Amino acid sequence: MVTAPTAVILGWPVRHSRSPMIHRHWLATLGIAGDYVPLPVEPERIEVVLNGFAELGYVGGNVTVPHKEAAFRAVTAADEVARALGAVNTLWLEGGRLVGGNTDAAGFIANLDEKSPGWDSTDTALVLGAGGAARAVVWALGSRGVARTIVVNRTPGRAEALAKHFGKPVEAAAWDTLPKWLSKAGLLVNTTTLGMAGQPDLSLDLVPMPETAVVNDLVYVPLETGLLAAARKRNLVAVDGLGMLLHQAVPGFERWFGRRPEVTAALRDLIVADIGQAA
Ligand code: NAP
């Protein structure tokens, strides 16, 4: 029986993911017969599911929290970014073998290129957080030639480990040195969960930041975080995290369904409306 090509998103939990809505929008607007479905998998079962993925009949899929590292270990080959990050967020099959890539860094870059062209002309970027998203951001900053990236994290050891992993020009700094780094940073990126719905707010005094600075929050629920509101109040460029989510989805769709989709205002509006309903 011939069935329409179907991709999945593997995560735990995965029911809040906006990825099915994004990919189904592209399938519908491009007139492609296919589907994209959530596949919740508990951490204890992920290895078995990934090892048998090629037999499940899917064309590929995305991988989200907490399975990105397990996916990296399970693939038979990984692209350059996935190897640098030790994490896979996009899966596809080549000759029946499971292959992985990581599109988070490309999504981060495409979002800033779209919303704040020239953002990468800064000498110093300040990254808050040292988890999986921070890794992608730090790699992306290096790939665009940012001379110095300062990583500040609640747990200092994780920031130090991240700086060690990437080496110069990435440095770890203590949370209480933030005012000094804010005064030097042309780009501030929040990769912590602070500011997310249900989490404490990230309250920072942005007054020391240069007038030309760009502030990017990876959080996209809510769309307008306290950090972005503070940036706008100071007349800084404020970029939300939704664009990164939309842009990171493009390469996977193209691999699975054969057409390169576009990140349009209509798609953004669709997801914004969904976020609004969820809030
Ligand atoms: P993660 O690996 O769990 O890292 C979470 C980070 O948040 C860690 O640095 C953690 O610090 C910090 N943190 C958590 N609670 C904190 C608190 N109360 N005070 C200070 N720091 C705190 O998560 P992740 O995968 O990197 O994701 C981080 C955020 O990025 C999430 O909001 C996620 O939705 C967002 N994200 C967005 C996109 C997008 O496309 N826009 C993509 C990926 C991720 P410790 O190390 O001290 O625990």
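1. The side chain of N153 has an N or O atom 2.7 Å from an oxygen atom of the ligand, a polar contact being a pair of N or O atoms within 3.5 Å. For R154, an N or O atom of the side chain lies 2.8 Å from a ligand oxygen atom. R158 places a polar side-chain atom 2.8 Å from an oxygen atom of the ligand. Of the 920 Å² of accessible area that the ligand has on its own (Shrake-Rupley method, 1.4 Å probe), the protein covers 78%.

2. The model is predicted: local features need pLDDT of at least 70 and side-chain atom pairs pLDDT 80 or more, while totals for chains, interfaces and linings use all residues. Residues are numbered from 1 along each chain as its sequence is written, and side-chain values use heavy atoms, without hydrogens and water.

3. The ligand is surrounded by 20 residues (a heavy atom within 4 Å), the closest being A133, N153, T155, R158 and G241. By class, this shell holds 9 nonpolar, 9 polar and 2 charged residues.

4. The ligand takes up the space of the largest pocket. A pocket is an open set of points on a 1 Å grid over the protein atoms alone, where a 1.4 Å probe fits, with protein on both sides within 12 Å along at least five of seven lines; lining residues have an atom within 4 Å of a point. The largest pocket holds about 1900 Å³ of space.

5. The lining of the largest pocket comprises 49 residues, with T64, V65, A133, T193 and M196 nearest its centre. By class, the lining divides into 22 nonpolar, 19 polar and 8 charged residues.

Conventions:
Polar contact = N/O pair within 3.5 Å; in protein donor to acceptor, adjacent residues only side chain to side chain. Sits in = over half its atoms within 2 Å of the grid points. Nonpolar A, V, L, I, M, F, W, Y, C, P; charged D, E, K, R; others polar. Points joined across faces, edges and corners; volume = space filled by probe spheres on them.
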